[in-house]
Amino acid sequence: MSALLILAAIVAGPTDAPNTYRQPETWLCRPGHSDLCGSDLAATVVTPDGAMRVEPARRAATPKADCFYLYPTTSMDPAPHSDMIAGDAERGMVVSQAAPLRSACRVFAPLYRQVTLPALRLAMSKGTKLTAADFALPYADVLAAWRDYLVHDNHGRPFVLVGHSQGSAMLKQLLADEIDGKPIARQMLSEPSRVSRRLLLVRRSYHEQDDEQVFT
């Protein structure tokens, strides 16, 4: 019964309004707040002779660029779209993927109501592929977060877009709609190595299949 309800909601499409990103709880990482990107990322290094030492994570004192990060498909919420309460999956992904970027940039990681893993798997079990319409709600959130960042935080700073899986699909659309061919494009660092080897601009298609995820 629950599977049928999820499928029906997917077919009907999203009806929720975009989020406002003026609220601190809508960001998993944002400079000036105590959040996941302030986590202890110290690592234990084991040398060839078996000796161990703790290596603290680096943090840039005055980063010269910003990283706008979108996490991959990770939500296990039992609905077509995730809610705006970060679960262990979202939090863990941000700590492992986004927080280390603080060694090179200011990190901005918004929560967004992504298409969930249960919804994707249900569509696959029915032999169907999700369409761009199914991703309208997550993209509306991403767009709202991006515009909030530009108005309140960017101030002409260079930036890098960082994403994986569904996150990179959202960034591809954002690039097409909001950046390519516009003055803001001059601020985007197209060569991540100029900031850090850790940074990666991912531009992937809705048509890719990855980790049981289908975008079309």
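Author: **The nonpolar core and its sheet**

In this predicted model, the largest nonpolar core comprises 47 residues, of which F68, V94, W146, F159, L161, M170 and I179 touch the most other members. Several elements contribute to this core, each with at least two residues: the strands β1 (27-29), β4 (66-70), β5 (106-110) and β6 (159-163), and the helices α2 (88-98), α3 (117-125), α4 (136-154) and α5 (166-179). In soluble globular proteins, nonpolar side chains tend to be buried together.

Apart from neighbours within four places in sequence, V94 is in contact with L28, C29, L36, Y69, Y71 and A99.

The strands come next. An open sheet is formed by four strands, ordered β1-β5-β4-β6, with mixed pairing. At its edges lie β1 and β6, each of which pairs on one side only. From one strand to the next, the twist averages 25°. The pairing of β4 with β6 is parallel and extends over five bridges; within β6, G163 is the residue opposite L70.

Helices pack on this sheet as well. Among them, α2 touches β1, β4 and β5, and its direction makes about 145° with that of β4. Helix α5 also packs on the sheet, where it touches β4 and β6; the direction of α5 makes about 145° with that of β6.

Notes
Residues are numbered from 1 along each chain as its sequence is written. This is a predicted model: local features need pLDDT of at least 70, side-chain atom pairs count only at pLDDT 80 or more; totals for chains, interfaces and linings use all residues. Side-chain values use heavy atoms; hydrogens and water are left out. A nonpolar core is a set of buried Ala, Val, Leu, Ile, Met, Phe, Trp, Tyr and Cys residues joined through side-chain atoms within 4.5 Å. Buried means under 20% relative accessible area, exposed over 50%, partly exposed in between (1.4 Å probe, protein chains only). Contact means heavy atoms within 4.5 Å. Two strands pair if DSSP finds at least two bridges between them. Axes are lines fitted to C-alpha atoms, for helices over the stretch in contact, and angles run from 0 to 180 degrees between N-to-C directions.
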